[in-house]
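Please open the structure in a viewer and keep the selection panel at hand.

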Amino acid sequence: MADDRGTSTLAGRIMGTRVWQSVFRHGYPETDLDRMSTMFTNFFLHLLPAKVHPNCLRLTYTWALGMVGLYLTIILFVTGFLLMFFYIPSTGWAYQSMKDLQFAVSFGLLLRNMHRWSAHGMVALVFLHMCRVFYTGSYRAPREFNWVLGVLLWGLTLFLSFTGYLLPWDQLAFWAITVGTSIASYPPWIGETIRVLMLGGHTVGQGALLRFYVLHVAVLPAVLGLLLAIHFWRIRKDGGLSRPAGAPGELAVTAGHERPFARGPLKTYALMELVGGTSPMVGAQAPEEEIPSWPHLVFPLVVLFEVVLAVVMVLGVFFNAPLEELANFTHPPNPAKAPWYFLGLQELVSYSALVGGVVVPGLLILGLMSIPYVDREAEGEGIWFTSPRGKRVALWSILATAPFTVLLILLNAYMGVRRLFTEAPQALADLLNPATLLLVGIAAFSILVGWRTGSRRLAAIALFSCFLSAYVVLMVIGTFFRGPNWDWIWPW
Amino acid sequence: MPNAGPQPETPPSEGSRISRRLLLGTGWCGFLISTLGPALANVRYLFPNVVYEGPTQFKVGRAEEYPAGSATFLEEQRLFILHDPEGFRALSAVCTHLRCTTGPFVPPAGQWKEPYSRCPCHGSIFAKDGRVLQGPAPRPLDFYRVSLAPDGRLLVDTAAIVGKDDIFKV
């Protein structure tokens with residue numbers, strides 16, 4: 001498959017050398033077989049299938065959310081490695097090295113900004129990706145375990161963000177460690193031990209900074225890399241991206257496959273015979289319904305990377321990552337607010353640390369992981385909201401949960417346990433607060449939906465939509481309606 | 001074995017015979033123990049035996065420096081020195097909710113009929129005897145033991161938590 005476009009040009013001559021050909025086994029692919037062969041023999045491209053179903057390329061199906069998440073991860077690794085050359089994880093030097101990065105290091109500010117905005121983007125993108133996978137029913141068999149891995153990756157993303165914003169050793173960092181490790185000390189029996197383990201002692205200081213640094217730059221990225229590898233490997237082994245059954249021919253036309261490709265001299269399915277086990281072709285109606293990944297998948301992915309990188313760089317140029325004052329162990333800032341993605345949690349923690357910080361998040365993670373094992377229906381996979389009815393359930397769940405959440409919080413503000421009985425035991429305050437009532441309300445509602453409709457999928461849609469709505473409402477309340485001393489304020 | 005090949009010429013005697021199950025079981029147990037042991041050692045390793053943290057006892061000055069009826073906030077030590085007619089007490093300023101520093105005591109206002117202190121992080125409100133008036137704090141603020149150092153200054157021990165009726169008289 002040597003490139004015979006002539007050796008007259010410089011490029012042609014370079015590509016004709018033995019060295020070049022020892023690195024790249026293919027010239028520019030001309031036929032479908034060449035294209036698939038390139039996908040197959042290139043280390044980086046072989047992450048992707050040689051052929052894809054046109055449905056995977058529909059932007060309105062995936063919104064490319066997972067891929068953008070991966071790209072942000074790559075940007076985070078690269079900018080993170082570079083930041084490590086100047087950052088010193090010591091309580092005396094950490095803040096100084098942040099100032100150096102801001103004012104003395106060439107492009108240090110830009111790299112830090114890019115790292116920060118990519119991290120924020122990743123938190124948002126991973127969550128949106130989870131919503132996409134949920135609403136298209138893509139967690140169904142055989143992809144149940146990949147959904148579980150995805151939930152773990154979401155948790156890992158949040159933990160990476162948390163450990164990351166502790167490192168500048170500014171006010172946000174110090175009081176986030178203080179509050180975060182105190183939440184970790186709430187589980188009965190083992191809580192205090194966990195706190196000592198996280199802090200490397202009993203007070204927030206050098207030991208804690210070093211531990212969170214090692215978690216942030218070594219342990220968590222390694223775990224993330226491993227889980228991501230399994231996540232991607234499972235996508236391929238579970239038959240590629242989910243898709244609806246039927247009518248793929250029409251989809252192939254809409255995906256821009258009108259132009260016929262010259263076929264190679266060999267049968268294309270010979271490629272598939274090289275790999276044992278379940279291949280990406282599983283579930284495909286016929287090989288002819290899939291189109292070569294090169295160029296239909298690879299080219300958009302390259303363009304997408306350029307777009308993601310450009311957006312992150314523009315954000316990095318125009319918006320500086322915040323850096324608060326140097327850590328002051330005597331006083332938290334007032335108000336002491338977490339980053340936006342944790343403000344919903346902070347709102348819940350402000351009613352009860354045990355319930356809002358430990359019980360609800362724990363149940364939430366377990367509940368999300370168990371979704372594919374509860375909803376084992378097969379219909380409607382690969383279709384947004386499964387059916388028009390599913391869309392209505394999702395919409396009503398989202399619309400109804402928002403005022404319900406606000407109502408519970410107002411009720412607590414005027415008639416909360418501590419309002420009515422100042423001397424009430426803590427157990428009562430833990431049992432009756434917006435967090436627990438919200439949890440009970442959402443669970444009861446989705447069980448009701450499942451019972452009335454007889455569909456576990458609809459019950460799951462109700463549960464997930466309520467959770468989504470409550471999460472966003474709590475985040476908005478924590479961000480805009482809480483002021484100094486965590487008092488109510490109007491955002492205007 | 002139904003389709004046996006050549007039989008061993010001398011079968012091992014019954015006494016020295018180790019069953020396949022026993023051999024493999026012992027092997028697996030050995031493997032698990034030899035893996036679990038180092039794993040537990042690694043966990044234990046992460047708990048430090050020596051920490052370089054500040055002292056828990058410190059002198060907070062002479063009794064005369066605190067006017068009668070005052071609640072003085074000591075920033076560095078994160079505590080209040082309360083000087084009541086009965087004597088001295090040291091009230092922790094570390095919120096029992098999530099360990100933020102609660103604010104200074106302000107005079108009674110609005111619904112609060114006594115001086116109160118507010119925590120900036122999650123809105124807990126405390127009275128001068130440590131009681132929780134409002135908010136998520138699960139228990140009252142701690143009192144630390146107050147004593148007199150040999151040089152005549154007050155000594156506070158944050159490692160020694162006492163009841164709110166434990167008042168130090170000078």
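Begin by selecting helix 18 (residues 388-415) of chain A and helix 21 (residues 434-453) of chain A, whose axes come within 10 Å and cross at roughly 155°. Helix 18 of chain A is therefore roughly antiparallel to helix 21 of chain A (the term applies to angles over 145 degrees). Axes here are lines fitted to C-alpha atoms over the stretch in contact, with angles running from 0 to 180 degrees between N-to-C directions; helices are DSSP runs (H or I) of at least four residues, numbered from the N terminus.

This is a predicted model, in which local features need pLDDT of at least 70 and side-chain atom pairs count only at pLDDT 80 or more, while totals for chains, interfaces and linings use all residues. Residues are numbered from 1 along each chain as its sequence is written, and chains are lettered from A and ligands numbered from 1 in the order in which they are written.

Next, display the residues where the two helices meet: among them are Phe404(A) and Leu408(A) in helix 18 of chain A, and Leu437(A) and Gly441(A) in helix 21 of chain A. Contact requires C-beta atoms, placed from the backbone, within 7 Å. The residues of this contact comprise 8 nonpolar, 3 polar and no charged.

Now colour chain A by domain: domain 1 spans 31-332 and domain 2 spans 334-492, with bounds from an automatic or database domain assignment. Their C-alpha centres lie 26 Å apart. The contact takes 25 residues from domain 1 of chain A and 27 residues from domain 2 of chain A.

Finally, select both chains: 24 residues of chain B are in contact with 31 residues of chain A.

Key:
Angles under 35 degrees count as roughly parallel, over 145 as roughly antiparallel, 65 to 115 as roughly perpendicular and the rest as oblique. Ala, Val, Leu, Ile, Met, Phe, Trp, Tyr, Cys and Pro count as nonpolar, Asp, Glu, Lys and Arg as charged, and the others, Gly among them, as polar.
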